[in-house]
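This briefing is meant for a reader who is meeting the structure for the first time. Please look over the sequence and the structure below, and then read the points topic by topic.

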Amino acid sequence: MASRPGYVTLPIISVLAAIGYVYYTTVFLAIPAWLGLATAAGVANAAAYTALALACVATYALAITRDPGRVPPAFVPDVEDAETPIHEIKRKGGDLRYCQKCSHYKPPRAHHCRVCKRCILRMDHHCIWINNCVGHENYKIFLIFVLYVATASLYSMVLLIGGAVHIAPKDEQSGSDSPRSSIIICSVIVCPIAFSTAILLGWHAYLILHNKTTIEYHEGVRAMWLAEKAGNLYHHPYDLGFYHNIVSVRTISIIFLLHVPHTL
């Protein structure tokens with residue numbers, strides 16, 4: 001059974017536990033082993049990593065709790081509005097998109113989430129790690145969180161490797177394993193996190209440059225195939241060019257503004 005959005009779930013607990021474990025191992029085991037917490041370099045790196053970890057937790061909390069974007073109950077597409085550039089229609093029948101579950105019309109780029117049980121504005125995907133949809137209102141904070149995690153993971157890898165390398169001669173002299181095993185275990189955990197978040201960040205950078213969501217990318221693959229089959233060229237309707245696509249992530253959706261000016 002799917003968990004309701006806004007509730008603390010096992011994946012969320014797992015993420016917080018991972019952040020706590022990596023933070024402890026990096027700051028209290030790896031840095032002392034390599035630089036020492038009594039040195040200026042050790043204190044500076046511990047402070048920098050602490051600030052990065054706090055940023056991860058803060059943006060993670062916002063990504064979990066921030067509403068991804070609700071469709072106004074009174075939304076009705078104005079098909080006679082000459083300033084409205086795009087009206088999305090159903091593949092079959094050509095009717096305006098209407099959600100039978102929510103009993104209202106869907107604005108452009110909105111989709112119904114089966115987990116959240118409602119339509120989400122500019123829905124990208126439902127993320128189990130935040131138990132929330134990634135949509136119009138929380139997409140930016142989600143990307144910032146992924147950026148912080150990727151940066152913190154790479155930073156942690158450098159400190160963990162440095163700690164493991166510098167503690168090895170001491171372990172050979174003392175005959176004990178001290179914190180080296182914990183540092184190695186933490187490195188094994190951090191490595192796939194750094195790799196996966198870097199890939200995720202790169203993927204969303206591609207989507208931003210083309211003003212697409214994950215859903216629209218997969219829909220576009222099919223649309224491109226159908227267009228090529230008919231001898232036509234497919235162009236993503238929301239692609240404004242690289243610069244304006246990037247700016248659109250920082251501002252309210254232009255399409256949504258044109259459709260529902262009364263809600264702002």
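Leu121 counts as buried at 5% relative accessibility, where buried means under 20% relative accessible area, exposed means over 50% and partly exposed lies in between, with a 1.4 Å probe and protein chains only. This is a predicted model, in which local features need pLDDT of at least 70 and side-chain atom pairs count only at pLDDT 80 or more, while totals for chains, interfaces and linings use all residues. Residues are numbered from 1 along each chain as its sequence is written, and side-chain values use heavy atoms, with hydrogens and water left out.

- Leu121 is placed in the loop between strand S4 (118-120) and S5, the elements being DSSP runs numbered from the N terminus, with helices (H or I) of at least four residues and strands (E) of at least two.
- Between the C-alpha atoms of Leu121 and Val134, which are 13 residues apart along the chain, the separation is 9.3 Å.

**The chain as a whole**

- The chain has 7 helices and 6 strands in its secondary structure, and from the N terminus on its elements follow the order α-α-β-β-β-β-β-β-α-α-α-α-α.
- Of the 264 residues in the chain, 39% are buried.

**Asparagines with positive phi**

- Asn131, a residue other than glycine, has a positive phi near 50°, and its place is in the loop between strand S5 (125-127) and strand S6 (132-134).
- Asn131 counts as buried, because its relative accessibility is 5%.
- Asn211 is not a glycine either, yet its phi is positive at about 55°; this residue lies in the loop between H4 and helix H5 (214-229).
- With a relative accessibility of 4%, Asn211 is therefore counted as buried.

**Salt bridges**

- A search of the whole structure finds 3 salt bridges, each being a side-chain nitrogen of Lys or Arg within 4 Å of a carboxyl oxygen of Asp or Glu.
- Asp67, Arg70 and Arg118 are linked in a network of salt bridges.
- In one of these contacts the side chains of Arg70 and Asp67 meet at 3.1 Å, N to O; Arg70 is exposed at 54% relative accessibility, whereas Asp67 is partly exposed at 27%.
- Asp67 also forms a salt bridge with Arg118, and here the closest N and O atoms are 2.9 Å apart.
- This pair joins distant parts of the chain, since Asp67 is in the loop between H2 and strand S1 (98-99) and Arg118 is in strand S4, 51 residues apart.
- Arg118 counts as buried, because its relative accessibility is 15%.
- Arg109 and Glu216 meet through their side chains in a salt bridge of 2.7 Å, N to O.
- Arg109 is buried at 4% relative accessibility, and Glu216 is buried at 6%.

**The second largest pocket**

- The second largest pocket has a volume of about 600 Å³; a pocket is an open set of points on a 1 Å grid over the protein atoms alone, where a 1.4 Å probe fits, with protein on both sides within 12 Å along at least five of seven lines, and a volume is the space filled by probe spheres set on the points.
- The second largest pocket is lined by 23 residues, of which Val15, Phe145, Val149, Ile193 and Thr197 are the closest to its centre, and lining residues have an atom within 4 Å of a point.
- Two or more lining residues come from each of helix H1 (10-34), helix H2 (40-65), helix H3 (139-174) and helix H4 (180-209), and H3 gives the most, with 6 residues.
- By class, the lining of this pocket has 19 nonpolar, 4 polar and no charged residues, where Ala, Val, Leu, Ile, Met, Phe, Trp, Tyr, Cys and Pro count as nonpolar, Asp, Glu, Lys and Arg as charged, and the others, Gly among them, as polar.

**A nonpolar surface patch**

- Val8, Leu10 and Ile13 make a nonpolar surface patch of about 330 Å²; patch residues have over 30% relative accessible area and no salt bridge, and nonpolar side chains (Val, Leu, Ile, Met, Phe, Trp, Tyr) are joined within 5 Å.
- Leu10 lies in helix H1 and is exposed, with a relative accessible area of 63%.

Technical notes: Patches are made of residues with over 30% relative accessible area and no salt bridge: like charges are joined within 9 Å, nonpolar side chains (Val, Leu, Ile, Met, Phe, Trp, Tyr) within 5 Å. Accessible areas come from the Shrake-Rupley method with a 1.4 Å probe; for residues, only the protein chains shown count as cover.
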